[in-house]
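Visitor: I have a structure open and would like to go through it step by step. Could we talk about the aromatic rings to begin with?
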Amino acid sequence: MKDFWIACGHHLLDRDASGGLRVTDEFLKAYFARLELMPPQDACAVERRLHRELLADPRQPVSPDEIAAIADDDARGNWRFVLAFRDHLLRHPTLEAAYLSLVRSGANDLPPLFVNQLAHVILRNALDGCRDPLVLRAAELFFRPQRILQHEQALLLGDDEMIGGHSLTPVLSLMSMLGAATHAEVDVLSEENAEDYWQRSDHFDMAFNLTAGGRGPGALGQAMARWISHLLGIDAAIVPLRELQDARLTWYVGLDVAATQLGDRLWHGEELDERSEGRVLALFQLTFADASLAIEEVQGEPVYLILAMTPDQKLRMKPQNLLTGLPIKRLEMVT
């Protein structure tokens, strides 16, 4: 079986009987070994001792007074965040349960980096056994901000961090179709180069084609369905749409902040201007395999999912909205 996203640390975790990810000492040590937590040469004795002891016993309790005794302000902040994250993970039987608790509570006191990394490793578990690189690349949208790369009539997404290290207008290489080569070249994942993804999955250096009518929207729909099934135990079919047309917007989920804002406007009967409509990247229709799971108000009606870009042409997907925004009842019973 081909592996992918090795850097997320899924090899360091155990699985419970239901396939959920259980925290291990090795996984926690990987966080304490991060560069942000490595004491510099001029670090105080308290910080050095704390780092050394946590690498030896990553579950040991740490009191607020110990953190307060660290001399450096930035170091104190880093340790507070990572220990709060560790303690949250240890309070739950699996990473999946920890993530659900986090997003349902609406807590926003953890840096987005930690939440995204948690989504990353959970997705790796949910997609274990997936053989389609296009679905895996689509799933990167869940935890990696994207930048819109316009090329002729194609809607292409490139990893924002990777693209940000190059020109704002990198050359897009569609392999033999374009063939141009510069230091800022970005390969667009396609049928021809799909096998390359397995070796490059941790580099996030392949662009994703989300053009309507292509395979990209369907691949993203599959990734979203796997995410919902893995975390909520609910089976759903998610298919891309070209436009809403005259459909009744009985229920919708914005897959990012920008999409939620646009959906709210539609919900209140406002017609979107051309500029606002142009920010919509993709539309999907979700139907539950078991319609009785939906609340009575929407039973028999599809749920619409909206994906949109920000005014600065970025995409910051919020996969937690798929877990907290669906019109389902008996939520606690299916998780």
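Visitor: How many aromatic pairs does a search of the whole structure find?

Guide: The search finds 12 aromatic pairs. Rings of Phe, Tyr and Trp (its six-membered ring) pair if their centres lie within 6.5 Å; planes under 30 degrees apart count as stacked, over 60 as edge-to-face and the rest as tilted. Please note that this is a predicted model, in which local features need pLDDT of at least 70 and side-chain atom pairs count only at pLDDT 80 or more, while totals for chains, interfaces and linings use all residues. Residues are numbered from 1 along each chain as its sequence is written, and side-chain values use heavy atoms, with hydrogens and water left out.

Visitor: What kind of pair do phenylalanine 27 and tyrosine 31 form?

Guide: The pair is edge-to-face, because the ring centres are 5.5 Å apart and the planes stand at 70°. Phenylalanine 27 and tyrosine 31 both belong to helix H1, four residues apart, which is about one turn of the helix. Helices (H or I, at least four residues) and strands (E, at least two) are DSSP runs, numbered from the N terminus.

Visitor: Are phenylalanine 27 and tyrosine 31 buried or exposed?

Guide: Both phenylalanine 27 and tyrosine 31 are buried. Buried means under 20% relative accessible area, exposed over 50%, and partly exposed in between (1.4 Å probe, protein chains only).
Tyrosine 99 and tryptophan 227 also form an edge-to-face pair, with 5.4 Å from centre to centre and 75° between the planes. This pair links distant parts of the chain, since tyrosine 99 is in helix H5 and tryptophan 227 is in helix H10, 128 residues apart. Tyrosine 99 and tryptophan 227 are both buried.

Visitor: Which residues do ring pairs link into a cluster?

Guide: The cluster consists of Phe4, Trp5, Phe143, Trp198 and Phe204.

Visitor: Back to H5 and H10. How do their axes cross?

Guide: The axes of H5 (residues 95-105) and H10 (residues 215-232) come within 10 Å and cross at roughly 100°. That makes H5 roughly perpendicular to H10. Axes are lines fitted to C-alpha atoms, for helices over the stretch in contact, and angles run from 0 to 180 degrees between N-to-C directions. Angles under 35 degrees count as roughly parallel, over 145 as roughly antiparallel, 65 to 115 as roughly perpendicular and the rest as oblique.

Visitor: Which residues of the two helices meet?

Guide: From H5, Glu96, Tyr99, Leu100 and Arg104 meet Trp227, His230, Leu231 and Leu232 of H10. Contact means heavy atoms within 4.5 Å.

Visitor: What else do the buried residues of H5 pack against?

Guide: Besides H10, the buried residues of H5 pack against strand S2 (21-22), H1, H4, H6 and helix H13 (321-324). Among the buried residues of H5 are Leu95, Ala98 and Val103. Just after H5, glycine 106 takes a positive phi of about 75°.

Visitor: New topic: the sheet. In what order do the strands of the open sheet run?

Guide: Four strands form the open sheet in the order S8-S10-S11-S9, with mixed pairing. S8 (236-241) and S9 (252-254) stand at the edges with a single partner strand each, so one side of each is left without a neighbour in the sheet. Two strands pair if DSSP finds at least two bridges between them.

Visitor: How do S10 and S11 pair?

Guide: S10 (residues 280-288) and S11 (residues 303-308) pair in the antiparallel sense over six bridges. Within this pairing, leucine 283 stands opposite isoleucine 306 in S11. H10 lies across S8, S10 and S11, and runs at about 155° to S8.

Visitor: Last one: why does arginine 76 count as buried?

Guide: Arginine 76 counts as buried because its relative accessibility is 17%. Arginine 76 is in helix H4 (residues 73-90). Leaving aside residues up to four places away in sequence, arginine 76 touches Ile67, Ala68, Ile70 and Ala71.
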